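Hello,

Here is the structure for you to look over. My notes follow directly below it.

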Amino acid sequence: MDADHDGCSTRAEVLLAEAVTPPQVGPGCTLTGGQRYSYYDDTTVDQASGLDVDHLVPLAEAWDSGAYAWTPAQREAYASDLAQPYHLAAVTARANRSKADKDPAEWLPPSESAWRRYIAEWTAVKINWNLTVDAAEKTTLTTTAQECPNTPLPDLADPS
């Protein structure tokens with residue numbers, strides 16, 4: 001999807017936004033070069049092909065947490081949300097595939113140094129999209145948050 005009609009897909013927009021070293025942008029928003037940092041596994045990646053764009057809260061988890069009641073337009077907006085920079089993340093394919101559709105009770109990033117950020121951003125996505133949290137997920141979120149009491153939530157979406 002190209003929400004802003006600039007010729008770049010949502011994937012390309014995320015890869016551009018998260019570039020540590022900017023890539024060259026060619027015709028049709030073809031990205032060449034550049035570097036990105038996959039915070040899930042503390043890895044710098046040179047080739048965009050080695051990255052997946054992850055829905056921090058996976059689509060299946062969102063569905064189970066209330067998205068089943070959304071309109072098709074709301075589901076599309078969720079799938080392509082670029083308004084909050086933490087909603088979608090460029091991460092290694094390996095990390096994304098190990099995560100699959102798991103919530104924090106079942107999976108946390110391989111890099112323990114990423115856990116605080118991941119939990120804060122997960123919580124922000126759930127709040128922004130008014131998604132529910134199950135008991136096991138809440139326990140993990142609470143326990144992890146207690147271990148890092150000075151980690152603030154990212155800026156939340158404007159509720160208006």
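Both Cys 8 and Cys 29 are buried, where buried means under 20% relative accessible area, exposed over 50% and partly exposed in between (1.4 Å probe, protein chains only).

This is a predicted model: local features need pLDDT of at least 70, side-chain atom pairs count only at pLDDT 80 or more, and totals for chains, interfaces and linings use all residues. Residues are numbered from 1 along each chain as its sequence is written, and side-chain values use heavy atoms, with hydrogens and water left out.

Disulfide

Cys 8 and Cys 29 form a disulfide, with sulfur atoms 1.9 Å apart. The rule is a pair of cysteine sulfur atoms within 2.5 Å. By this rule the count is one disulfide. The torsion about its S-S bond is about 90°, so the disulfide of Cys 8 and Cys 29 is right-handed. The pair links distant parts of the chain, 21 residues apart. Cys 8 is in the segment before helix H1 (10-17). Cys 29 is in the loop between strands E2 (24-26) and E3 (30-32). Helices (H or I, at least four residues) and strands (E, at least two) are DSSP runs, numbered from the N terminus.

Nonpolar core

A nonpolar core is a set of buried Ala, Val, Leu, Ile, Met, Phe, Trp, Tyr and Cys residues joined through side-chain atoms within 4.5 Å. The largest has 23 residues. Among those with the most contacts inside it are Tyr 40, Leu 56, Val 57 and Tyr 118. Strand E7 (88-92) and helix H5 (115-128) each give two or more residues to this core. Its largest share, five residues, comes from H5.
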